[in-house]
Amino acid sequence: MTNVFKRFSRAAAGWVRGAPRKAFVLMYHRVADEFCDPWGLCVSPRFFDQQLDVLRQFAPVLPIKTLTANLRSGTLRRRSIAITFDDGYADNVDIARPLLARYDAPATFYVVSRQVGSEREYWWDELDRLLLQPGRLPATLELDLEGDIVRAELGDATTYGEESHRLNRNWRAWETPPTPRHALYYALWQRMRPMSAERRQDILEALRRWARADPGARPARAVVSQAALAGLAADRLIEVGCHTMTHPRLAALTVPEQAEEIRGCKESLEAILNRRVESFAYPFGGDGDYTADTVSLVRNIGFSSACCTSEGPVTASSDPAQLPRMFIQNCDGEQFGRQLSEWFGDR
Ligand SMILES: [Zn+2]
């Protein structure tokens, strides 16, 4: 840690007068040691600790509300950072929060209101549980997706052993699938992404029947409970933000449906926290995942900021309703520091 500090304090000392004012909003999802992580959502507790240590040497970490207020008033600092977490996993509270407290670093947790306290995993986690865990599945799947039949032959991957699971543990969903199970996982993920929460549950139900699996959720994939969420209301460092009611692809919904997803989440969270919820993050958050109507809704419903997942710095000309973020990978403090140096243009 000390080495990391020495190396990067030099970079930090090189802040150049007149350099453009730049902030970065960091996007995390989970702080956990996960054996298999197809979307690369986990940063290990050890690495998260190291990253926070590097961060405090680098730039002030501000609550997203402060960063946005600075942006609006034209007083964006020369360099600053905000930390955000999407999806409201329980490990945000159990593991990330104590580490954030240790470094006195504020963060925003964007929560999906209907998932709070749910006994079901997120649909993408359940796809992982049903398809990518070791075990035996029927050789053939035939699934009716609104009249469109999806067929899959699992072939060699009908039986999937511990050894194959270990070999494929570092596979990422956007890479070439190593087995028919992985191909099926990604194909279903793509098909399910624009669907309603009800339709996704119908498909999971059909898959559970096919796999003869129970609906039981894994504790490691749990989402924050209502009690834990309420406990954040008094936390000086943690802000709870809105990430819709069911994590839909908002662009696939009508404007009134979008409004319900956004407003419904805000109202539920405000009822639990007994305080105003003013920050928003678009589910999936890419260019095609929300529309200009969504941005207007977010402004009109009363959010002071909204984060997307386009990568880039926040600069004086950024729109507070579409703040870009940087996806943070599971890397150690040293690599993280190199990345920050690059982003801030220190080298
Ligand atoms: Zn999300």
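Residue E239 is in contact (heavy atoms within 4.5 Å) with I64, K65, A107, T108, F109 and S279, leaving aside its neighbours within four places in sequence. The model is predicted, so local features need pLDDT of at least 70 and side-chain atom pairs count only at pLDDT 80 or more, while totals for chains, interfaces and linings use all residues. Residues are numbered from 1 along each chain as its sequence is written, and side-chain values use heavy atoms, with hydrogens and water left out.

E239 is placed in strand β10; strands (E, at least two residues) and helices (H or I, at least four) are DSSP runs numbered from the N terminus. With 12% relative accessibility, E239 counts as buried, where buried means under 20% relative accessible area, exposed over 50% and partly exposed in between (1.4 Å probe, protein chains only). The side chain of E239 makes a polar contact of 2.6 Å with the side chain of S279, and a further one of 2.8 Å joins it to the side chain of T108. A polar contact is a pair of N or O atoms within 3.5 Å; within protein, one must be able to donate a hydrogen and the other to accept it, and residues adjacent in sequence count only if both atoms are side-chain atoms. The C-alpha atoms of E239 and E163 are separated by 42 Å, the two residues being 76 places apart along the chain.

The zinc ion is coordinated by D87 (OD), H243 (NE2) and H247 (NE2), at 2.1 to 2.2 Å. D87 lies in the loop between β4 (79–86) and α4 (90–102) and H243 in the loop between β10 (238–242) and α10 (255–273), so this pair ties together parts that are 156 residues apart in sequence. Along the chain, the donors follow the spacing D-x155-H-x3-H. Donors are N, O and S atoms within 2.8 Å of the metal (3.2 Å for Na, K and Ca); water is not among the atoms, so sites may look incomplete. Both D87, at 3% relative accessibility, and H243, at 1%, count as buried.

T179 lies in the loop between α6 (162–167) and α7 (180–192) and is buried, with a relative accessible area of 15%. Its side chain makes a polar contact of 2.7 Å with the side chain of H182. Not counting residues up to four places away in sequence, T179 touches A157, Y160 and N168.

In helix α2 (residues 45–58), 10 of the 14 residues are buried, so the helix is largely enclosed by the rest of the structure. Among these buried residues are F47, F48, L52 and F58.
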